[in-house]
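Reader: I have a structure to go through and some questions about it. Can we take them one at a time?

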Amino acid sequence: MNRFHFLTVAVFLLGLNLAMADSPLQFDDPWSPLAPPGRTMAGFVTINNPGDADIVLVDATSRQFGRVEIHTMTMDDGVMRMRRIEELVVASGKMVVLQPGGRHLMLFEPEGQFEDGDTIDVELIDSEGGRHEVVLRVRPRD
Ligand SMILES: [Cu+2]
């Protein structure tokens with residue numbers, strides 16, 4: 001491969017990489033309340049979608065946890081219950097708030113211990129297979 005071809009391929013690969021990393025979603029104040037070691041944790045974030053298309057989040061993953069789910073909370077006979085939701089729609093031009101007492105990320109089976117200031121890398125996966133990286137910062141509950 002001559003030098004010109006090498007550069008062409010390198011530029012092509014770089015462009016591909018940028019395209020894959022490109023998420024239209026904007027994440028505001030992603031955080032996770034400090035929890036005792038080994039406990040299931042939660043993730044909160046405000047998600048904005050300034051893009052032209054609705055984005056439907058269907059799954060989540062983190063290499064720091066065995067399993068991540070998107071949850072909702074509902075009042076059921078006076079008792080707050082949470083359950084997994086299969087679809088979290090972030091409509092074009094809209095905002096979705098994951099917050100204590102409402103929808104949240106549930107982080108099961110922590111791989112280690114987390115302290116104030118640590119970060120948790122989460123990938124949100126949409127219905128088209130697109131991945132959206134969000135970094136939660138661990139801090140004490142307000
Ligand atoms: Cu939950």
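This is a predicted model: local features need pLDDT of at least 70, side-chain atom pairs count only at pLDDT 80 or more; totals for chains, interfaces and linings use all residues.

Reader: Is His-104 buried or exposed?

Author: A residue counts as buried under 20% relative accessible area. His-104 is at 3%, so His-104 counts as buried.

Reader: Which residues coordinate the copper ion?

Author: The donor distances run from 2.0 to 2.3 Å. In sequence the donor residues follow the spacing H-x10-M-x21-H-x1-M. With their donor atoms, the residues are His-71 (ND1), Met-82 (SD), His-104 (NE2) and Met-106 (SD).

Reader: What is the arrangement of the four donor atoms around the copper ion?

Author: Four donors count as tetrahedral if all angles lie between 85 and 135 degrees. Here the angles are 97 to 115°, so the arrangement is tetrahedral.

Reader: How many residues apart in sequence are the parts that His-71 and His-104 tie together?

Author: His-71 lies in strand β4, residues 65-76, and His-104 lies in strand β8, residues 104-110. The pair therefore ties together parts whose separation in sequence is 33 residues.

Reader: What is the bridge partner of His-71 in β5?

Author: Strand β5 covers residues 79-84 and pairs with β4 in the antiparallel sense, over six bridges. In β5, the bridge partner of His-71 is Arg-84.

How values were computed: Residues are numbered from 1 along each chain as its sequence is written. Side-chain values use heavy atoms; hydrogens and water are left out. Donors are N, O and S atoms within 2.8 Å of the metal (3.2 Å for Na, K and Ca); water is not among the atoms, so sites may look incomplete. Four donors count as tetrahedral if all angles lie between 85 and 135 degrees; four count as square planar and six as octahedral if opposite donors are over 155 degrees apart and all others between 65 and 115; anything else is irregular. Helices (H or I, at least four residues) and strands (E, at least two) are DSSP runs, numbered from the N terminus. Buried means under 20% relative accessible area, exposed over 50%, partly exposed in between (1.4 Å probe, protein chains only). Two strands pair if DSSP finds at least two bridges between them.
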